[in-house]
Amino acid sequence: MNQEFVEALERNPVIAAIFDSSDLGEALASPCEVIFLLSGNICELKELIHRVHAAGKKMYIHIDLLEGVANDRSAIQFLKTHFYPDGIITTKAVVAKHAREEGVFVIQRFFLLDSKSYETARKTVKNGDADAIEILPGILPEIIHQISQCSSVPVIAGGLIRTKKNAMDSLAMGAMGVSTSCKTLWNM
């Protein structure tokens, strides 16, 4: 577990999730210390990471959604040696495994759609290669609680967090942080 990641979430559990690089300025102006880049392309990545680091914040790249790189071991090595992200986000267990083997911080995302996906997430968390996990949708406080009880890594609630109550409920049930693209919550 990356102590800097944990400490950043302890200071401010709200994570600015951005889909468009034009939103980066607002994320940097917010009190959020952690930023998730949920789309983009390899051509703009170096500048975005530089801006985030210059502001004293952390950036985690959703490698599955990054244009211009495959989500394999070579891509992870390339990102690590040329762009220096604070970590990656992925939904794929094999990508998480490769990233951990390369010494890259990994946040593994789980979309909980039904009881089968819930059980898969619980099993993966117990055996996992992730440094943190993100549960989507994040508006399921009871499920967040159950997952956080069996997880030895930080749990993040993400997806559909649109109100302060959504965020507070997830945090109260065991999430260490909440990721949201709702800009009004970035200043919570």
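Modeller: Buried means under 20% relative accessible area, exposed over 50%, and partly exposed in between (1.4 Å probe, protein chains only). Helices (H or I, at least four residues) and strands (E, at least two) are DSSP runs, numbered from the N terminus. This is a predicted model, in which local features need pLDDT of at least 70, side-chain atom pairs count only at pLDDT 80 or more, and totals for chains, interfaces and linings use all residues. Residues are numbered from 1 along each chain as its sequence is written, and side-chain values use heavy atoms, with hydrogens and water left out.

Colleague: Which residues of helix H4 are buried?

Modeller: An α-helix has 3.6 residues a turn, so residues three or four places apart point the same way. In H4 (residues 73-82), the buried residues are Ala75, Ile76 and Leu79. They line one face of the helix, because they fall within an arc of 100 degrees seen down its axis (directions from the helix axis to the C-beta atoms). They pack against helix H3 (42-54), strand E5 (66-67) and helix H5 (93-101), contact meaning heavy atoms within 4.5 Å. Just after H4, Tyr84 takes a positive phi of about 60 degrees.

Colleague: Which way do the residues of strand E9 point?

Modeller: In a regular strand the side chains alternate between the two faces of the sheet. In E9 (residues 155-158), Val155 and Ala157 point one way, Ile156 and Gly158 the other, and all are buried.

Colleague: In which sense do E8 and E9 pair?

Modeller: Two strands pair if DSSP finds at least two bridges between them. E8 and E9 pair in the parallel sense over three bridges, and Glu134 stands opposite Ile156 in E9.
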